[in-house]
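Good morning, colleagues. Please turn to the sequence and the structure that are now coming up on the screen.

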Amino acid sequence: MAMEYASSTSRLCCWLAALVLLSCCPSPTAAAPGGRKLLEISLAQQFVVPQTHLRAIHGLRPLKWSSDLADQAARWAGGFTRDCAAPSTSGVNVFRGVGDVGRTWQPSDAVAAWAEQASHFDFGAGACAIGNMCAQFEQLMWRMSTQVGCATVQCASGETLMTCHYWPRGNIMGQRPF
């Protein structure tokens with residue numbers, strides 16, 4: 001099931017992810033004389049930097065960007081542009097930005113939403129607490145995953161759909177994420 005977030009959702013994790021991203025990289029709109037941009041932050045960096053930071057907190061290796069997985073994610077997400085009703089499956093995290101007409105959803109919003117699920121994860125049992133959803137957090141933290149590729153699409157409904165595909169895929173029944 002895709003995660004839906006409206007503006008009233010807790011912003012603590014979003015703020016943390018944004019802070020991490022902003023502290024690591026200068027503003028993408030910083031311009032040099034003559035109108036040149038000094039630094040553009042790629043979509044890959046916007047997704048990978050906060051995920052790598054969150055994984056490091058738990059002693060996990062960083063993820064490496066995969067253009068092949070990003071292409072796969074873009075093709076997959078493109079199939080849901082009519083209604084943004086994309087399901088999360090093994091090896092795939094999904095974020096659906098809704099509400100706030102005109103709001104621009106950022107990759108850090110998606111990563112923060114997935115990270116927020118840590119509050120529903122039972123670290124002792126190594127699984128989601130009974131009755132809670134935390135599959136996106138588990139995939140984000142899946143110790144065997146080493147690569148990620150992500151994509152963002154705008155849906156006809158005005159919603160934003162973001163997805164990351166991981167390799168090797170995680171969320172394997174009976175295995176602990178980390």
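A word on the basis first. This is a predicted model, in which local features need pLDDT of at least 70 and side-chain atom pairs count only at pLDDT 80 or more, while totals for chains, interfaces and linings use all residues. Residues are numbered from 1 along each chain as its sequence is written, and side-chain values use heavy atoms, with hydrogens and water left out.

Let me begin with the disulfides. In general terms, a disulfide is a covalent bond between the sulfur atoms of two cysteines. Here the term is applied to a pair of cysteine sulfur atoms within 2.5 Å. How many disulfides does the structure hold? There are three of them. When the bonded cysteines are counted along the chain, the disulfides of the protein chain have the pattern 1-5, 2-3, 4-6.

The pair I take up now is Cys84 and Cys155, whose sulfur atoms lie 1.8 Å apart. Their link is right-handed, with 85° about the S-S bond.

I turn to Cys128 and Cys134. Their sulfur atoms are 2.0 Å apart, and the link is left-handed, with -115° about the S-S bond. Are these two cysteines buried or exposed? Cys128 counts as partly exposed because its relative accessibility is 25%, whereas Cys134, at 0%, counts as buried.

There remains the disulfide that joins Cys150 to Cys164, with an S to S distance of 2.1 Å. This link is right-handed, at 105° about the S-S bond. Cys150 lies in strand S6 and Cys164 in strand S7, so the pair ties together parts that are 14 residues apart in sequence. Cys150 is buried, with a relative accessible area of 2%, and Cys164 is buried as well, at 0%.

Next, the helix. Please find H4, which covers residues 107–116. Of its 10 residues, 10 are buried, so helix H4 is largely enclosed by the rest of the structure. Among the buried residues are Asp109, Trp114 and Glu116, together with Pro107 and Ser108.

Finally, the backbone. Which residues are joined by a cis peptide bond? They are Trp167 and Pro168, with omega at about -15°. Pro168 is found in the segment after S7.

The segment after S7 also contains Asn171. Phi of Asn171 is near 60°, a positive value in a residue other than glycine. Asn171 is partly exposed, with a relative accessible area of 23%.

Cys84 is buried, however, with a relative accessible area of 0%.

Thank you for your attention.

Note on methods: Buried means under 20% relative accessible area, exposed over 50%, partly exposed in between (1.4 Å probe, protein chains only). Helices (H or I, at least four residues) and strands (E, at least two) are DSSP runs, numbered from the N terminus.
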